[in-house]
Amino acid sequence: MEPLRTDEVVTHLVSRSVRLSAPPVSASLAAMQRPRALWTAPDEPTVVGGGVAVAVEADGPERLARVRRAATALFDGADVDAPDAARPRFFGGLAFHEEATGRDPWADFPAARFVVPEAQVVFDGDDAWLTVTAVGADADPEAVGDRLDEVRETLESLDDTPPEGPPGVSNRHRTTSVEAWHESVDAAVSRIRAGDLQKVVLAQALEVELDRPAAAPDLLARLGRTYPDCHRFLVEPNGGASFLGATPERLVSLRGREVETGALAGTTGRGDTDDEDEWLANELLGSEKDNHEHELVAETIREQLAPLSAEIRVGDRGIRKLATVQHLWTPIDATLERDEHVLSLVDALHPTPAVGGLPPEAALDVIRDTEPFDRGWYAAPVGWFDADGDGSFAVALRSAIVEETLATLFAGVGLVADSDPDAEWDEVQLKYRPVLDELERDD
């Protein structure tokens, strides 16, 4: 269906839900009608979506406010018969910059797009719920109920088959050469030392040709085995290209007035032995450069939340260990002064200095002028929200856009006054590994 314009008001949404004998998550995703969605995060239900009941798109500096208004109007007139866990949700995200360029590989990804799936499955512990939604003047509860029975029968007949192995990589193309990277980092560091910037995050893209088409459900299942504590996501705006990843960085989650977020910045590798791993972690904790970069991120998040919050709580700085890297991590929680929509928090926090820089506008100008590729939705918010304005969003890192036998991977690093081009290059290569490892065959 055509996306809903944000100045339109649709008041007839019908949703019905039923409990399922829990089908396999990966098989459920594969069985869904395109475009599909997946969201799975620590301490949250896993959600799989397929098809489009309604889509909302917007661009420009007010894109999230416009999405919120359209979604609120839609939910206000909804006919929903579902338990809280199974209620319909909007899934989607936005481009890193306010406007979408339309450049490949992001041609089908607008500046902001959120979708209520036609079919949604919520996996919450041992429970699973299927929700079917229809939107429009002809949305009918009886027809929705019939479709609910049809989808339930399909899902409950699925077998739990293991994911296929990696498709294999036949060729690679870097959009940034080593020489160009050195020039870019040196130029950015010079601006930081001159006082024009405090920090800027520069990224690279790696185009990868595959031996066979990559199946998104299989790729996400493999990422889930290696990175069970990360946020995994899948977004398919038109059912063609798939944007997916396993990101360690939560942007924000909101339940009522309780906010969870945090600062994730400062990176090193993993050791081959426990002793080496511990040594690397201690080096990271003691690194003046990495702690300076990290504190810029943590302090900015506190400043961004302060106007909305009655109380902000900052936890102890520690190490977040993943399969290929470890990061400095500071948990940050808040209690809001008044009721807010999660999209308002997303708008306040994006882009954090962990993916943009400081001052924000100066850093964004450097990113636009320097990076020889379109970030698209890389390093931008992806997630979901519901009728109450609660929701959960991650920063789309450790990610790739995949279509047939072509995948484009993205990774970036934060630059401060004492950044070294060679060390930052090595860090980028480490950050490609989560997705690249699941595309390359062991042989």
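Helices (H or I, at least four residues) and strands (E, at least two) are taken here as DSSP runs, numbered from the N terminus. The model is predicted, and for that reason local features need pLDDT of at least 70 and side-chain atom pairs count only at pLDDT 80 or more, while totals for chains, interfaces and linings use all residues. Residues are numbered from 1 along each chain as its sequence is written, and side-chain values use heavy atoms, with hydrogens and water left out.

On that basis, the secondary structure of the chain comes to 10 helices and 23 strands. The C-alpha trace spans about 65 × 55 × 40 Å along its principal axes. The radius of gyration, taken over C-alpha atoms, is compared with a globule rule of 2.2 Å times the number of residues to the power 0.38; for 443 residues a compact globule would have a value near 22 Å, and the 21 Å of the chain agrees with this. Of the 443 residues, 57% are buried, where buried means under 20% relative accessible area, exposed over 50%, and partly exposed in between (1.4 Å probe, protein chains only). With a contact defined as heavy atoms within 4.5 Å, 77% of the contacts between residues at least 6 apart in sequence join residues at least 24 apart.

The local backbone deserves attention next. Most residues other than glycine have a negative phi, and most peptide bonds are trans. A cis peptide bond, with omega about -10 degrees, joins His350 and Pro351, and Pro351 is found in the loop that runs between helix H8 (342-349) and strand E19 (357-358). At Leu358 and Pro359 the peptide bond is also cis, with omega about -15 degrees, and here Pro359 lies in the loop between E19 and helix H9 (360-370).

With a relative accessible area of 8%, Arg398 is buried. Glu404, another residue other than glycine, has a positive phi near 55 degrees and is placed in the loop between E22 and strand E23 (406-415). Is Glu404 buried or exposed? At 56% relative accessibility, Glu404 counts as exposed, whereas Arg398 is buried.
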